[in-house]
Amino acid sequence: QESVGSDGDSYHQVLPPGTFILHNRIFNCPSLVRRYKAMAIDSLVLLTTMIVTMLLVGDNENSPTIMISLAIVLSFYEPLLSRYSATVGEWLMKIRVRDYNAPSQPVRFWQAYIRLLTKGFLGWLSFLTVHSNREHRAIHDIASSTIVIMLPNR
């Protein structure tokens with residue numbers, strides 16, 4: 001893998017698997033299993049929220065309106081939390097979604113929403129490209145100009 005040194009010369013550096021250089025910084029990418037675990041945790045959070053709300057609302061005349069409103073609110077779960085911090089799954093798995101062009105920065109809201117829509121539309125097919133590029137970017141990461149990185153060990 002190639003990077004540019006501080007003197008402007010290029011040099012080759014052998015990196016361990018799952019590690020890449022982007023914008024002259026070394027990053028670790030999470031395994032596909034870790035990404036799936038984060039997604040599964042987030043799915044459980046969303047599903048539990050909907051089930052608990054359904055049980056609390058019961059057979060109320062306003063239940064369809066409440067559930068539709070909840071679905072709209074929950075559609076912002078991943079984009080907002082990825083933008084300002086991390087979803088529950090990302091937090092537990094110690095991964096973060098970042099802007100591909102500025103990996104030390106959080107994603108912008110529009111990037112996170114495009115990422116969610118692409119991932120939702122393609123489903124598991126979106127993950128087919130994870131092992132075909134050095135940054136382990138899925139199709140939804142490429143479409144939204146994002147990257148998923150591991151938090152550094154501290």
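Colleague: Which backbone oxygen lies 2.8 Å from a polar atom of the side chain of S63?

Modeller: Bear in mind that this is a predicted model. S63 is found in helix α2, which covers residues 63–74. A polar atom of its side chain lies 2.8 Å from a backbone oxygen, and that oxygen belongs to N60.

Colleague: Is S63 buried or exposed?

Modeller: Leaving aside neighbours within four places in sequence, S63 is in contact with V57 and G58. The cut-off for buried is under 20% relative accessible area. S63 comes out at 14% relative accessibility, so the call is buried.

Colleague: On to α5. What does helix α5 reach from its first C-alpha to its last?

Modeller: Helix α5 takes in residues 109–122, which makes 14 residues. At 1.5 Å a residue you'd expect 20 Å, and the model is close to that: α5 reaches 20 Å.

Colleague: Within what arc do the buried residues of α5 fall, seen down the axis?

Modeller: The buried ones are Q111, A112, R115, T118 and K119. An α-helix has 3.6 residues a turn, so residues three or four places apart point the same way. In α5 the buried residues line one face of the helix, because they fall within an arc of 130°.

Colleague: Which residues are exposed on the other side of α5?

Modeller: The buried residues of α5 have cover that includes α1, α3, β5, α6 and β7. On the other side, the exposed residues are L117, G120 and F121.

Colleague: Which residue just after α5 takes a positive phi?

Modeller: Helix α5 spans residues 109–122. Just after α5, with a phi of about 65°, comes G123.

Conventions: Residues are numbered from 1 along each chain as its sequence is written. This is a predicted model: local features need pLDDT of at least 70, side-chain atom pairs count only at pLDDT 80 or more; totals for chains, interfaces and linings use all residues. Side-chain values use heavy atoms; hydrogens and water are left out. Helices (H or I, at least four residues) and strands (E, at least two) are DSSP runs, numbered from the N terminus. Buried means under 20% relative accessible area, exposed over 50%, partly exposed in between (1.4 Å probe, protein chains only). A polar contact is a pair of N or O atoms within 3.5 Å; within protein, one must be able to donate a hydrogen and the other to accept it, and residues adjacent in sequence count only if both atoms are side-chain atoms. Contact means heavy atoms within 4.5 Å. The expected span of a helix is 1.5 Å times one less than its number of residues. The arc is that of the directions from the helix axis to the C-beta atoms.
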